[in-house]
Every structure is written in structure tokens, then in C-alpha cells.
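Dear colleague,

Please find below the structure that I am handing over to you. My findings on its pockets and on one of its sheets follow.

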Amino acid sequence: MKKILLAFVVMSSYLTGYTTSSYAEDGYQVIPFKAELTKQSLNFDKKNLFAVTLPDYVVEGTKFYGIKGSFTTKTLQYIVSGKDKTNSETLFNLLSSTTDACPSQGEVADGYNVIFNKYGGYSYNTAIVKQNVAGVQTFNYDYKLSDGIPMKFGKGRCVFLSMDGSDFANQNYTMKADLNLIIKVPNPKAVKTYSLDGEFSPGIYPLVSYVVIPVTKDGANNTVPAGTLTSVYGNASMMNPLATLKNWQGHNQIAVYKNGSCQEAFLNHSPTKFMWQDTESSMHGLGNSINWSTSNVVSDMTLSGSGRGVDIKQMSGNNKLPIHLEAGDCVAHAIVNTFDQPTDNTFQFNQETQTHFTVIPD
């Protein structure tokens with residue numbers, strides 16, 4: 001048995017008219033949700049679930065507007081042959097059950113297929129937390145969407161958190177969530193949410209990596225419909241494995257490619273969501289497409305560090321939102337890498353985006 005459940009704590013309560021004025025004055029309500037788990041693990045075979053029952057006032061038409069809180073992991077140091085091999089990772093996934101069932105506290109699921117088959121699993125947010133240095137790593141979340149995501153729930157009436165984590169050394173590893181879920185019953189609008197999730201290991205070359213979703217008229221087949229992009233949220237992480245490599249950074253941008261530039265930038269790309277890396281030959285001397293004038297940047301954030309370590313930050317929309325999407329456009333998360341030339345040519349960064357955006361279809 002590779003994964004052992006050691007201890008867990010889950011707490012929840014309800015608060016109507018949240019005391020923080022920025023929420024209460026606009027009629028938002030908040031569901032506090034806390035969960036903590038300590039386990040031993042060598043892989044990601046098992047997912048650990050924690051649920052909170054929705055209060056009676058959460059009725060059909062209620063929308064999810066965001067999170068104020070934190071995701072935390074605690075990893076013990078792991079030394080092998082005098083080298084620090086500390087390494088851990090957790091993907092936190094916030095979902096609601098769309099069936100009559102809800103997870104029990106600390107329930108162990110053998111993969112996402114099991115979760116979705118049993119609970120439906122409508123996802124609202126994912127966040128990644130990584131460590132390669134011992135101690136506590138905390139990612140603070142504080143975002144509120146300009147227009148919410150319609151909540152979906154079955155007779156089980158619950159929201160639950162999947163903690164998908166391991167420290168790869170079979171030592172005690174702690175994952176914790178301390179969240180305030182922001183909800184509201186607004187005037188109904190057809191709002192859809194999309195994920196720009198992807199993981200890259202770009203190696204020693206400062207390439208630009210992309211996760212891209214094309215825009216089509218109706219948004220069929222894993223594309224985005226023509227409409228208005230209203231909000232950007234989520235997070236991204238960057239991990240450097242070498243203590244000898246100094247001054248590294250990954251410049252993260254989310255952009256809408258307009259005026260036919262999507263096809264020009266990603267020539268003969270997939271008709272559905274895809275991943276891409278620029279090379280000198282692929283750009284034909286035109287430079288990285290994220291810098292073109294037709295690339296309308298709607299979110300901008302830089303991850304950085306010096307030596308071995310991890311940086312994790314939130315992605316948020318800028319003053320260029322909302323922005324209209326037309327068929328032929330695309331929405332892309334681009335990561336531009338810069339760093340000192342390493343002495344070890346075999347090293348690879350690890351970069352992951354768990355960003356999302358909302359669209360009101362035309």
C-alpha cells in the first residue's frame with residue numbers, strides 16, 4: 001500500500017452577509033471551508049476528498065464568484081547522497097457533486113474517473129502548489145469574478161475539494177485549505193468557464209510555451225464561443241531544480257489573438273484546445289507572437305527566483321477586460337522563459353498553469 005491516510009481535519013460553517021464590506025455591500029454570501037490532511041505517498045494514484053453541504057439558501061441560479069483564502073503544503077526535507085531531493089506537489093480541485101451522493105470526509109478515490117462517475121464533479125477552480133525546499137509553502141488566493149459561474153449541484157447538495165498530492169519520498173506530507181467561497185444569486189446570465197491548464201518542461205532554451213483555445217461561432221468541440229471574455233483567474237507555478245542556476249523567471253501572459261493572428265501565430269494548429277512552443281524557424285523572423293500588436297494581453301504576471309526553488313502566483317484580469325471574442329480569434333496563456341545559462345545542460349524547468357477565464361456567449 002503506497003499511500004497511507006494518517007490524519008485529517010475538516011471544518012465548515014455558513015455566514016450570510018459576509019462581514020468584509022467589499023462583499024456584503026454587493027449582496028455576496030460566503031461559505032467558509034477548511035480541510036487538512038496529513039498522508040504518506042509516493043505517487044498520485046489516490047485522491048483525497050473533503051465535502052461541505054450547501055446551505056438551504058443556495059438554490060438554482062446561484063453563482064460561484066471566487067475564493068478568498070489559502071492553499072498550503074508542508075514537506076519534510078529529503079537528503080540522498082548529500083543532495084537535497086525534497087520534492088512535493090498538490091493539485092487542489094474544487095468541485096460540486098451533480099448526483100445524489102457526496103464524499104465522506106477524507107474519502108480516498110482511485111482516480112478522477114471514479115470521482116466523476118460517482119459524483120459528477122462539476123469543477124469551479126484548480127490550483128497547483130509545488131515545493132522543492134523543505135518547510136511550508138502557502139499560496140494565498142483572493143479573487144472575485146466580475147460575473148459568476150453558474151453552480152451545478154444534485155440532490156446531494158455539496159461542494160467538495162479533491163487534494164491530489166504527494167511528496168515522492170513516503171514521508172509525512174500535509175495539505176491544507178482555508179477558504180471562503182464567494183457566492184451570489186444575481187440576475188441570470190449565460191456564463192461559461194474555460195481552463196488554460198498545461199504543464200511544460202522547456203529545458204535549457206528560452207522558448208515561449210503556450211496553452212491555446214480557438215474561438216468558434218458556437219463554441220462546439222472544446223472551443224470557446226464568440227462572446228465577451230469577462231474575467232481571468234487561477235494560478236501558475238515555476239520550479240527550478242538546480243541550486244547553481246541563478247536569476248530565473250517565467251513571464252506569464254494571457255492574451256486574445258485578434259484579426260486572424262491566431263492562425264498566423266500557430267500555423268496549422270489543432271481545431272480544438274492545444275499546446276505549442278515557439279522556435280526560431282516556426283516564427284519566420286516575426287518574433288514571439290505574444291508580442292505582436294494583434295495579441296491583446298488581458299493578464300500579466302512574472303514568476304521568478306534565484307537558485308533552487310519554486311514560485312507560485314495568482315493570475316488576474318487587467319483593465320483591458322471585458323474584451324469581445326470573434327470566430328477565428330483564440331485565447332492563449334503564454335510563458336516566456338529567461339535565465340542565466342546553466343552549466344548543466346540536462347536540467348529542465350517545471351512550469352504549470354492552472355488558469356481559467358469566463359465568457360458570456362453572444
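In the classes used here, Ala, Val, Leu, Ile, Met, Phe, Trp, Tyr, Cys and Pro count as nonpolar, Asp, Glu, Lys and Arg as charged, and the others, Gly among them, as polar. Please note that the model is predicted.

On that basis, the lining of the largest pocket comprises seven nonpolar, 10 polar and two charged residues. Of its 19 lining residues, Ser123, Thr126, Ser195, Asp197 and His356 lie nearest the centre. The elements that contribute two or more residues to this lining are β7 (88-96), β9 (122-131), β13 (192-200) and β23 (350-361). The most come from β9, which supplies five.

The second largest pocket has a volume of about 310 Å³. Its lining includes Lys83, Asp84, Met239 and Arg308, and by class it holds four nonpolar, four polar and four charged residues.

Turning to the sheet, five strands make up an open, antiparallel arrangement in the order β8-β3-β11-β7-β9. Because β8 (107-109) and β9 stand at the edges with a single partner strand each, one side of each has no neighbour in the sheet. From one strand to the next, the twist averages 25°. Strands β7 and β11 (158-166) are joined in the antiparallel sense over eight bridges, and Leu95 has Phe160 of β11 as its bridge partner. Helix α2 (112-119) packs on this sheet, where it touches β3 (47-53), β7, β8 and β11. The direction of α2 makes about 170° with that of β11.

With kind regards

Conventions
Residues are numbered from 1 along each chain as its sequence is written. This is a predicted model: local features need pLDDT of at least 70, side-chain atom pairs count only at pLDDT 80 or more; totals for chains, interfaces and linings use all residues. Side-chain values use heavy atoms; hydrogens and water are left out. On a 1 Å grid over the protein atoms alone, a cavity is a set of points where a 1.4 Å probe fits but cannot get out, and a pocket is an open set with protein on both sides within 12 Å along at least five of seven lines; lining residues have an atom within 4 Å of a point. Helices (H or I, at least four residues) and strands (E, at least two) are DSSP runs, numbered from the N terminus. Grid points are joined across faces, edges and corners, and a volume is the space filled by probe spheres set on the points. Two strands pair if DSSP finds at least two bridges between them. Axes are lines fitted to C-alpha atoms, for helices over the stretch in contact, and angles run from 0 to 180 degrees between N-to-C directions. Contact means heavy atoms within 4.5 Å.
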